[in-house]
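Good morning, colleagues. Please look at the display first.

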Amino acid sequence: MTKRILITGGCGFVGANLISHLTEVGGYDISVLDNESLGEFATIEPFGVSFIKGDLRDEDAVNNAVADKDAIVHLAADTRVMDSIEDPEFNFQVNVVGTFNLLKAARAAGVQRLVNASTGGAILGEVPPPVNELMAPNPSSPYGASKLAVEGYCSAFGEAYGLPTISLRFSNVYGPLSVHKGSVVAAFFRQILKGETLVVYGDGSQQRDYVYSQDLAAGIRLAIDSQHTGPFQLGTGIPTSVNELIEHMRVVVGDEYPVNVEYRDFRAGEILHTYCDISKAKATLGFNPTTAVPDGLASTWQWFLDQQ
């Protein structure tokens, strides 16, 4: 039986990779709600999805998009930590108010399941890694606080109104289709192509958990088709420092593209070391990421070269 899926923020990086994955697997009738602020419909148009241009803060647009849907994958968000520190009001309106609008609409429409894109590191703050779902939250940025609030509302709508929700705490996602993505892998590859110096804030020892986009998409699909609720960490469980990432990139891009690095002071609000424990997602959802960082970087670099 075909599932009617609404993906908010589906024109963005994770959304485009998810649509590619779901289309390949089959069995999903996909609609997208997106304001095209961080991605364009042209990216996903070849997949034949239905598109509604609209904003989460527009209740009428949200109500129209949610109608007749079996499940929602909620990816739309203001995701940049530094931007949230500069403008916490905008981050709150998009992430918290926007999600509240979506939850209200989903409840009224009788949606059977909502998969919420969340984050681990920003919600928990600077804690000894690996992070897991049982750790007490201590957000260090307005972005982290907004995602914690969203998880809270998802839980409340599940308990109070019977709307099953699952929150997937993504680690650092990278991969093809990341032309508009502002995270470190995409930003560094764009700078390397332009011959620009890479800027690292701190000494490069800070660690992240880098998960390949198609591995993540497979995890989201498992969450759509499951009956489980609550938070789940989705990453690899393997820490990689920024300096290690850059060395992998040097190998991938080869001698034709010099990689120069400038180190600057650490930035307030950023977590130094985080990676996640994915044992719950493995045991409960069957999540099994298989792409090593060097292999994922090679595929991503090739995609960037193909866009030239």
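At what angle do helix H8 and helix H10 pack, and how far apart are their axes? Before I answer, a word on the source. This is a predicted model, in which local features need pLDDT of at least 70 and side-chain atom pairs count only at pLDDT 80 or more, while totals for chains, interfaces and linings use all residues. Residues are numbered from 1 along each chain as its sequence is written, and side-chain values use heavy atoms, with hydrogens and water left out.

Now the answer. H8, residues 184-194, packs against H10, residues 242-253, at about 45°, and the axes are 12 Å apart. That makes H8 oblique to H10; angles under 35 degrees count as roughly parallel, over 145 as roughly antiparallel, 65 to 115 as roughly perpendicular, and the rest as oblique. The axes are lines fitted to C-alpha atoms, for helices over the stretch in contact, and the angles run from 0 to 180 degrees between N-to-C directions. Helices (H or I, at least four residues) and strands (E, at least two) are DSSP runs, numbered from the N terminus.

The crossing of H8 and H10 is right-handed, a term for the near helix being turned clockwise from the far one by less than a right angle, with anticlockwise giving left-handed. On the H8 side, the contact (heavy atoms within 4.5 Å) is made by Val-184, Val-185, Phe-188, Phe-189 and Ile-192. From H10 come Val-242, Leu-245, Ile-246, Met-249 and Val-253. These residues divide into 10 nonpolar, no polar and no charged. Here Ala, Val, Leu, Ile, Met, Phe, Trp, Tyr, Cys and Pro count as nonpolar, Asp, Glu, Lys and Arg as charged, and the others, Gly among them, as polar.

Let us turn to H12. The axes of H8 and H12, the latter covering residues 293-307, come within 11 Å and cross at roughly 50°. H8 is thus oblique to H12, and their crossing is right-handed. H8 contributes Val-185, Ala-186, Phe-189, Arg-190, Ile-192 and Leu-193, and H12 contributes Leu-297, Thr-300, Trp-301, Phe-304 and Leu-305. This contact divides into nine nonpolar residues, one polar and one charged.

The remaining pair is H10 with H12. Their axes come within 10 Å and cross at roughly 50°, and the two helices are therefore oblique to each other. H10 passes H12 in a right-handed crossing. Leu-245, His-248, Met-249, Val-252 and Val-253 of H10 meet Val-293, Pro-294, Leu-297, Ala-298 and Trp-301 of H12. The tally for this contact is nine nonpolar, one polar and no charged.

Which residues of H8 are buried? They are Val-185, Ala-186, Ala-187, Phe-188, Phe-189, Ile-192 and Leu-193. Buried means under 20% relative accessible area, exposed means over 50%, and partly exposed lies in between, with a 1.4 Å probe and protein chains only. The cover over these buried residues includes H10 and H12, together with strands E7 (172-174), E8 (198-201) and E10 (210-212). H8 is followed by Gly-195, which has a positive phi near 75°.

I move now to the cysteines. How many disulfides does the model contain? The count comes to zero, where a disulfide is a pair of cysteine sulfur atoms within 2.5 Å. For Cys-276, the closest cysteine sulfur is that of Cys-154, 19 Å away and too far for a bond. Cys-276 is buried at 4% relative accessibility, and Cys-154 is buried at 0%. Cys-154 lies in helix H7, residues 142-161. Leaving aside residues up to four places away in sequence, Cys-154 touches Leu-103, Leu-114, Asn-116, Thr-165 and Ser-167. Cys-11 is likewise buried, with a relative accessible area of 3%.

Finally, the backbone. A cis peptide bond, with omega about 5°, joins Pro-129 and Pro-130; Pro-130 is placed in the loop between helix H6 (121-124) and H7. Asp-68, although not a glycine, has a positive phi of about 70°. Asp-68 sits in the loop between helix H3 (59-66) and strand E4 (71-74), and is exposed at 57% relative accessibility. Leu-177, also a residue other than glycine, has a positive phi near 65°. Leu-177 belongs to the loop between E7 and H8 and is partly exposed, at 24%.

Thank you for your attention.
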